[in-house]
Amino acid sequence: RNEMNDEINRINQVLPTITGEETRAIQRWMRSVIDRLDRYKTEHKRVLKEATTLLELALWKANLADNGGVEVETGGQRERQELRVTSGADVVIKNVLPFLLLKY
């Protein structure tokens with residue numbers, strides 16, 4: 001982030017004094033900055049999706065443990081699924097997600 005701000009400040013100081021070739025160089029630089037930001041946003045979305053999934057699974061596991069650990073082998077598949085739905089993950093994720101989202 002600081003690197004980007006430093007580059008933007010440097011360009012802003014140079015902009016008033018530029019001519020033809022310098023303009024093309026700045027346009028190439030701006031395109032590279034935009035491309036880099038797009039890559040960062042894409043990576044952030046991927047990491048956020050993974051973190052959300054891990055949080056949901058951790059809440060489900062905690063809910064299973066709190067309920068004595070329902071075993072699949074003993075026909076507890078339905079109970080496990082019910083505990084996943086009632087783990088509270090939807091509420092927790094809804095309240096955690098705003099802190100993890102990028103603000104554009």
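How many helices and strands are there in the protein? I began with that, keeping in mind that this is a predicted model. I found 4 helices and 0 strands, and reading along the sequence gave me the pattern α-α-α-α.

**Entry: the whole chain**

Next I looked up burial. Of the 104 residues, 14% count as buried. For the surface, I noted that the protein exposes about 8,400 Å², with carbon and sulfur atoms supplying 57% of that area. I then turned to contacts between residues at least 6 apart in sequence, and 58% of these join residues at least 24 apart.

**Entry: L59**

Is L59 buried, partly exposed or exposed? Its relative accessible area is 22%, and buried means under 20%, so L59 goes down in my notes as partly exposed.

Which residues does L59 touch, leaving out those up to four places away in sequence? I listed S87, A89 and V92. I also checked the spacing of one pair: L59 and S87 are 28 residues apart in sequence, yet their C-alpha atoms are 6.0 Å apart in space.

**Entry: V92 and the patch**

Together with V96, F99 and L100, V92 makes a nonpolar patch of about 360 Å². I followed F99 from there and placed it in helix α4, residues 89-100. F99 has 73% relative accessibility; the cut-off for exposed is over 50%, so I logged F99 as exposed.

How values were computed: Residues are numbered from 1 along each chain as its sequence is written. This is a predicted model: local features need pLDDT of at least 70, side-chain atom pairs count only at pLDDT 80 or more; totals for chains, interfaces and linings use all residues. Side-chain values use heavy atoms; hydrogens and water are left out. Helices (H or I, at least four residues) and strands (E, at least two) are DSSP runs, numbered from the N terminus. Buried means under 20% relative accessible area, exposed over 50%, partly exposed in between (1.4 Å probe, protein chains only). Contact means heavy atoms within 4.5 Å. Accessible areas come from the Shrake-Rupley method with a 1.4 Å probe; for residues, only the protein chains shown count as cover. Patches are made of residues with over 30% relative accessible area and no salt bridge: like charges are joined within 9 Å, nonpolar side chains (Val, Leu, Ile, Met, Phe, Trp, Tyr) within 5 Å. A salt bridge is a side-chain nitrogen of Lys or Arg within 4 Å of a carboxyl oxygen of Asp or Glu.
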